[in-house]
Amino acid sequence: MTSLHRFTALSALSLSMLFLFTACGGSHSTTSQPNPTPTPTPTPGIQFSAAATTLVQGTSTTLTWTATNATSVSIDNGIGTEPVSGTVTITPASTTTYTATATNGTKTAMQTVTVTVTPKPATLTAIAISPPTSNLRVAGTQQLSASGTLSDGSTADVTSELAWTSRDS
């Protein structure tokens, strides 16, 4: 085979391989697509309040909350997981700070409210007059005093709190 024939045969072979390579998808141009930017998780927010923040022991108040951009809300001190908006009635035995936490993925928002509990006022359960008996002459006077026993077990001088009257017997 002459040089010219070898060159023509090689050229034809090269062209055939190039055609086969192109037909099989070996040579094509691609445009690279940028990776989509992930949508950031929104930061949650929460509004949290108590209808009354000072209570007398044994009374109740209502906690109210509204969360935005949140998938869940939890409130501590035994309340637990709640809807993203709601209310709950509480009767704390003592002053308590409640924390509401709104969550969205790994992001959280917290707000607290303190409910102050004051002792129930003591009530008068008994009165003792001193002296317990008295014999007075007509138009006579005698100073009496009164001591009150209260529901919490304490005593108090209630002399000035009483209305005193007398009668003939």
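Student: What is the strand order in the open sheet of three strands, and how do the strands pair?
Tutor: The order is β1-β3-β6, with antiparallel pairing. Strands here are DSSP runs of E with at least two residues, numbered from the N terminus, and two strands pair if DSSP finds at least two bridges between them.

Student: Which strands stand at the edges?
Tutor: β1 (45–50) and β6 (85–90); each has a single partner strand, so one side of each is left without a neighbour in the sheet. On average, neighbouring strands of this sheet are turned by 15° against each other, direction ignored. Axes are lines fitted to C-alpha atoms, and angles run from 0 to 180 degrees between N-to-C directions.

Student: What should I know about the model itself?
Tutor: It is a predicted model: local features need pLDDT of at least 70, side-chain atom pairs count only at pLDDT 80 or more, and totals for chains, interfaces and linings use all residues. Residues are numbered from 1 along each chain as its sequence is written, and side-chain values use heavy atoms, with hydrogens and water left out.

Student: Back to β6. How many bridges pair it with β3?
Tutor: Six, in the antiparallel sense, with β3 covering residues 61–68. Threonine 66 stands opposite serine 85 in β6.

Student: New topic: serine 147. Which strand is it in?
Tutor: Serine 147 is in strand β10. β10 (residues 145–150) pairs with β9 (residues 124–130) over six antiparallel bridges, and three bridges join β10 to β11 (residues 155–157), also antiparallel.

Student: Which residue in the hairpin of β10 and β11 takes a positive phi?
Tutor: Glycine 153, with phi near 90°; the hairpin has four residues between the strands.

Student: Last one: which residues lie nearest the centre of the largest pocket?
Tutor: Ser134, Leu136, Thr165, Ser166 and Arg167, out of 21 lining residues. A pocket is an open set of points on a 1 Å grid over the protein atoms alone, where a 1.4 Å probe fits, with protein on both sides within 12 Å along at least five of seven lines; lining residues have an atom within 4 Å of a point.
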